[in-house]
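Here are my notes for a first look at this entry. Keep the structure open and follow the points in order.

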Amino acid sequence: MSGGEDLSKLFPIITDEKSGAMLWRDLRAITLQYMIPVGRLKRFYEGIAKGVLYGTQCPKCGARYFPPRPECSHCGSSDVEWVKISREGRLLAHAVVNIKPESYQQYEDYIIGVAEMDDGFKVLAWIKCDNPKRLKRGMRVRLEIDKMRGSGIPFYQLTPTEG
Ligand SMILES: [Zn+2]
């Protein structure tokens, strides 16, 4: 470089250690767009739009999935049976999330829980509850369909029905 002037003092220019190439270094936040194929789960989305929740059951080994899966991760079968899942069940465990992932920063602290529905389906979902102290393992819960604040996208959540 002629003159030997240190351009990195004036510009965000660095020199690549391996190649010696001058590089303009810029940092920008990027937005990622996720495209996830859901064609084989169409029944699930049609159901939730009509207020019905479907899980899948493997016809070969009987494994049950909620949310539904187009393949059985237990035996590898790609046959599925759609099953309307029970909306009533019992809370198995819960946790208040106050350290949130980056994409959930806009939400208040929230509660997630695992419930076993009366037909044996296990469901991981947000719990709608103002006071987490009243949540107890084994308490009755109901799986409800609501709409996300802002986006209006339908989703499911657990609500205590006792206590
Ligand atoms: Zn299976």
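1. Start with a term. Two strands pair if DSSP finds at least two bridges between them. Strand β9 (residues 140-147) and strand β10 (residues 154-160) meet that test with seven bridges, and their pairing is antiparallel. Within this pair, L143 stands opposite L158 in β10. Remember that the model is predicted.

2. Now widen the view. Which strands make up the closed barrel? There are five, in the order β6-β7-β8-β10-β9. Their pairing is mixed. From one strand to the next, the twist averages 50 degrees. As background, strands of a sheet pair through backbone hydrogen bonds, either parallel or antiparallel.

3. Move to strand β3, residues 54-57. What does β3 pair with? One partner is strand β5 (residues 81-84), joined to β3 by four bridges and running antiparallel to it. Another is strand β4 (residues 64-65), also antiparallel, with two bridges to β3.

4. Look at T56 in particular. T56 stands opposite W82 in β5. T56 also stands opposite Y65 in β4.

5. Check the hairpin of β3 and β4. Six residues lie between the strands.

6. Next, the domains. The chain is divided into domain 1 (38-85) and domain 2 (87-163). Their centres, taken over C-alpha atoms, are 21 Å apart. How many residues are in contact across the two domains? Eight residues of domain 1 touch ten residues of domain 2. On the domain 1 side, five of the residues are nonpolar, two are polar and one is charged.

7. Step back to the whole chain. It has one helix and ten strands. Read from the N terminus, the elements run β-β-α-β-β-β-β-β-β-β-β. Why call the chain spread out? Its radius of gyration is 24 Å, well over the 15 Å that the globule rule gives for 163 residues, so the chain is more spread out than a compact globule.

8. Other whole-chain values complete the picture. The C-alpha atoms fill a box of roughly 80 × 40 × 25 Å along the principal axes. Of the 163 residues, 17% are buried. Take the contacts between residues at least 6 apart in sequence: 45% of them join residues at least 24 apart.

Terms used
Residues are numbered from 1 along each chain as its sequence is written. This is a predicted model: local features need pLDDT of at least 70, side-chain atom pairs count only at pLDDT 80 or more; totals for chains, interfaces and linings use all residues. Axes are lines fitted to C-alpha atoms, for helices over the stretch in contact, and angles run from 0 to 180 degrees between N-to-C directions. Domain bounds come from an automatic or database domain assignment. Two residues are in contact if their C-beta atoms, placed from the backbone, lie within 7 Å. Ala, Val, Leu, Ile, Met, Phe, Trp, Tyr, Cys and Pro count as nonpolar, Asp, Glu, Lys and Arg as charged, and the others, Gly among them, as polar. The radius of gyration is taken over C-alpha atoms; the globule rule is 2.2 Å times the number of residues to the power 0.38. A residue is buried if 20 or more other C-beta atoms lie within 10 Å of its own, exposed if 12 or fewer, and partly exposed in between; C-beta atoms are placed from the backbone.
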